Amino acid sequence: MGLFGGGNSSSSQLTTNVDARVVGGEQSINTSLNVTGSNNAITTTDHGAIQGALSLALAGVEDANQTASQVVASQGHILDGVLKLVGDQSSQHAANLAKLKSGDSRLIVIAGFAVAGAALLALIKKG
């Protein structure tokens, strides 16, 4: 007998909830299963689609990294060439500037002699 004088009792209840809603887009493949009984096993697979997508994505990332490295290396060579060209032009500009400065001083000296000669000639004519 039980605690309050009644007999032992047990009960069992089986609840079945069925939700067969399926949502799919255009050209999708949908399936719905209703499994009854006990000890049933359902195995689903994506047939390697997820692993394939991950492999594809990783290959894309590796290709992008390789391309970026090649671009950086290429840009480095272009930059070296540009810097050399700018350096060469800067050296040529400095050389031209030095020639102009030395030419200017010769011109000033010649102009100074011309002015002095004209002044001397003017003095000679007065005297």
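Visitor: Which side chains meet in a salt bridge here?
Guide: In this predicted model, the side chains of Lys-84 and Asp-88 form a salt bridge, at 3.0 Å from N to O.

Visitor: Why can side chains pair like that?
Guide: Side chains of opposite charge can pair when their charged atoms come close.

Visitor: And how many salt bridges does the structure hold?
Guide: The structure has one salt bridge.

Visitor: Where do Lys-84 and Asp-88 lie?
Guide: Both belong to helix α1, which covers residues 49-126. Lys-84 and Asp-88 are four residues apart, or about one turn of the helix.

Visitor: Is Lys-84 buried or exposed?
Guide: Lys-84 is exposed, because its relative accessible area is 54% and the cut-off for exposed is over 50%.

Visitor: What about Asp-88?
Guide: Asp-88 has a relative accessible area of 40%, so Asp-88 counts as partly exposed.

Visitor: OK, the whole protein now. How many helices and strands are there?
Guide: The protein has one helix and zero strands.

Visitor: What share of the residues is buried?
Guide: Of the 127 residues in the protein, buried ones make up 0%. To count as buried, a residue needs a relative accessible area under 20%.

Visitor: How much accessible surface does that come to?
Guide: The protein has about 11,900 Å² of accessible surface. Carbon and sulfur atoms account for 61% of that surface.

Visitor: Which residues make a nonpolar surface patch?
Guide: Leu-33, Val-35 and Ile-42 make a nonpolar patch of about 300 Å².

Visitor: Where is Val-35, then?
Guide: Val-35 sits in the segment before α1. With a relative accessible area of 42%, Val-35 is partly exposed.

Visitor: Where is Gln-27, and is Gln-27 buried or exposed?
Guide: Gln-27 is placed in the segment before α1. Its relative accessible area is 82%, so Gln-27 is exposed.

Visitor: And His-47, what is its phi?
Guide: The phi of His-47 is near 55°, which is also positive in a residue other than glycine. His-47 lies in the segment before α1.

Visitor: Buried or exposed, for His-47?
Guide: His-47 counts as exposed, at 73% relative accessibility.

Terms used: Residues numbered from 1 in each chain as written. Predicted model: local features only at pLDDT ≥ 70, side-chain atom pairs only at ≥ 80, totals over all residues. Heavy atoms only, no water. Salt bridge = Lys/Arg side-chain N within 4 Å of Asp/Glu carboxyl O. Helix = DSSP H or I, 4+ residues; strand = E, 2+ residues; numbered from the N terminus. Buried < 20%, exposed > 50% of the residue type's maximum accessible area, 1.4 Å probe, protein only. Areas by Shrake-Rupley, 256 points an atom, 1.4 Å probe, with all protein chains shown as cover. Patch = residues over 30% accessible without salt bridge, like charges linked within 9 Å, V, L, I, M, F, W, Y side chains within 5 Å.
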